[in-house]
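Dear colleague,

I am handing over the model that we spoke about, and my notes on it follow below. Please read them with the structure open beside you.

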Amino acid sequence: MKLSSDREIQTLFSDQIKTRWFPWLIVILGLGLISWLAFFQNLGNMGLLDETEPLFAEASRQMLVTGDWITPYFNEETRFDKPPLIYWLMAIFYQIVGVNEWGVRLPSAFSAFILISLGFYTLSYYVQQTQGSAVKDQAKLGCIFSVYKPCFRTVILHPLPWMGAVLMAFNPEILAWARIGVSDMLLTGCMGSTLLAFFLGYATRPDAISQSGFKEYPDLTFKQFNQRLNPSDVWYLAFYILAALAVLTKGPVGIVLPLLIIGLFLIYVGKVRKVLQEMHPWRGGLIFLGITLPWYILVTLINGQSYINSFFGYHNFERFTSVVNHHAAPWYFYFIVVLVGFAPFSVYLPVAISSTKFWKRHYWQRQTRIEQLQLFSIVWFAVIFLFFTLAVTKLPSYVLPLIPASALLVSLFWDGRIRTTKAKPEFKALQDYPQAFSFSIFLNILLIFMASVGSYFSKNLIGYDADMPDFRADLQASGLLNRSALIWIITAIGIILSWWKGRISGIFLLNLFGFIAFFVWAATPTYNLLDHHRQEPLRHLAQTVVQQRQIGEELMMVGFKKPSLVFYTQNPVQYSSEPTDAINYINSPEVQNSSPKTLLILGHPRELTNIGLKPNQYKILDQAGSYQLIRANKT
């Protein structure tokens, strides 16, 4: 019997694959599943986390209450830490889902979703342009994606875009900030999308598109192709809009860093003048200024020098040149942050970067624009890393915008390794792998083994916390630390076996599934337990305040500052860090002459005792965790 090699094999989904909607359905379902598991699952089921998250949540609520969408306020004071975009988005979501934790965190979650979706698109385009013919040989599925019709139905089953998406989503840094209502994830989403939009504009320029892309249109001449389709202009327009949104999220850094990255990249590849002509900077600059300037002008006119000194002076210039809020760290701080924040795949970053041979400038200048994605990712990573290493004030969230670049680099590296291994079946023994790659696998195993050991023994290292005295005992009794240790040791053993058997793709998958298992079955329940001990008592007492508070009665917090109390009571709170400050405030003429003659005080029993109140001068209204809520006579 003669078999035809051209015969198409029918499958269960053969008819559906030929339809235009099927590839889109696969992408929507796939990215939706990744995002739901990483960002949206149980997003609003835990309370706000003191100290920072309630500041954003309450400032956004105040915009709805006051109708003032220009000047942010918290606890009856202006809050100039950040520009307004995060507050605006939270306020909009409040009107959709209510004033709750969901409304606070949805802007961060959607920012992460949009970022990984654009990362998926970028890598899909990369596959189509660099591996299009090879993919077509594997599956005759047609072509319908992108503004100039690349082979999406063939690209959809390629592992690289999915690798990039899952690496961008499942890492400690992105997971932490995408599930909390602060501006860091929104900045990362805007800045990362800005850079991806630029690169897509740079790579989709008609004269930069590979001949395989042009051959999708046999009825057009190349000149007609250029005139008819110019997606580059659309992406450059998106670049200006997204850069403006980044500036409305966190100020000048939203445009300074992208310009540094893009400028250094273009200088290196020798295309500054040509790309500037393509980008139409005068037109784009007007769009950028039209989006950003109105709010900055209005807030300055309303608040004057106090806004300029607070935002530009303190929260931008001083944070870069001096230590702010005691956030000092050694010069190597961000090496540790990236190692942990992008774990477990962070161990592959050095070999992924070095394998590109980025120092060979002439080589990279000869590459097509889309093939320069790795080089662009290296510049992206390096500029952000060095910029914040030079800054004096250091926080783990500052380098969050380099995580998307890390995901691009590692996914491109792993895709190359897997394809090379398939092309060379002789890579079956440990000694057959490149030395740098083998060393990275060894570090990978070591890191996961250390995570297992650290999880198991951390039960003995957790110290006592007066705000949640029973947390340590409950965590030890929960078995979550043992579960975490078991997940990591199984992952380490699986990687060792895959390495020994020469199954490179198995190493990648075991790292990924091990991390997801840790996130779902260990990290998330631990965070729930932490919320139960640390934040739930405050939420409970806030509800008691709402029920018991008399008209005009003040609420004080003594000994500590928990901004969540302002959000959950939806009323101002007077904070006093020391008992003497509380006494002086209570004895002030303004308080003594106000009505009613009582006030509510929340604190630890020892702080309430240090105020000097006698048993007949106050009444305990409620108690939760280590806190007491009392009503005291002002006299």
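How many bridges join strand 5 to strand 7, and do these strands run parallel or antiparallel? Strand 5 (residues 598-603) and strand 7 are joined by 6 bridges and run antiparallel; two strands are taken to pair if DSSP finds at least two bridges between them, and helices (H or I, at least four residues) and strands (E, at least two) are DSSP runs, numbered from the N terminus.

Before going further, please note that this is a predicted model, in which local features need pLDDT of at least 70 and side-chain atom pairs count only at pLDDT 80 or more, while totals for chains, interfaces and linings use all residues. Residues are numbered from 1 along each chain as its sequence is written, and side-chain values use heavy atoms, with hydrogens and water left out.

The overall picture

The protein has 30 helices and 7 strands, and buried residues make up 54% of its 635 residues; buried means under 20% relative accessible area, exposed over 50%, and partly exposed in between, with a 1.4 Å probe and protein chains only. Of the contacts with a separation of 6 or more, 77% are between residues 24 or more positions apart, where contact means heavy atoms within 4.5 Å.

The strands

Strand 7 (residues 627-633) is mostly covered, with 6 of its 7 residues buried. Strand 6 and strand 7 form a hairpin with 2 residues between them, and G625 in the turn has a positive phi of about 60 degrees; A624 has Y627 as its bridge partner in strand 7.

The cores

The largest nonpolar core has 164 residues, and those with the most contacts inside it are F39, F170, F198, F265, Y348 and W414. A nonpolar core here is a set of buried Ala, Val, Leu, Ile, Met, Phe, Trp, Tyr and Cys residues joined through side-chain atoms within 4.5 Å. Apart from this core lies another, of 11 residues, among them V558, L599, L608 and L613. Returning to F265, and leaving aside its neighbours within four places in sequence, this residue is in contact with F198, F199, Y202, Q372, L375, F376 and V379.

S406 has its place in helix 21 (residues 403-423) and is buried, with a relative accessible area of 0%. Its contacts, again leaving aside neighbours within four places in sequence, are F342, L349 and F381.

The second largest pocket

This pocket has a volume of about 730 Å³. A pocket is found on a 1 Å grid over the protein atoms alone, as an open set of points where a 1.4 Å probe fits, with protein on both sides within 12 Å along at least five of seven lines, and its lining residues have an atom within 4 Å of a point; grid points are joined across faces, edges and corners, and the volume is the space filled by probe spheres set on the points. Of the 30 residues that line the second largest pocket, the closest to its centre are N75, E76, P572, V573 and Q574. The elements that give two or more residues to this lining are strand 2 (77-78), strand 4 (574-576) and helix 29 (589-592).

Backbone details to check

A cis peptide bond joins D50 and E51, with omega about 20 degrees, and E51 lies in the loop between helix 2 (21-40) and helix 3 (53-66). The peptide bond from S595 to P596 is also cis, with omega near -5 degrees, and P596 is placed in the loop between helix 29 and strand 5.

H280, although not a glycine, has a positive phi of about 50 degrees; this residue is found in the loop between helix 14 (272-279) and helix 15 (281-303) and, at 32% relative accessibility, counts as partly exposed. K357 likewise has a positive phi of about 50 degrees without being a glycine, and is placed in the loop between helix 18 (349-355) and helix 19 (361-366).

With best wishes
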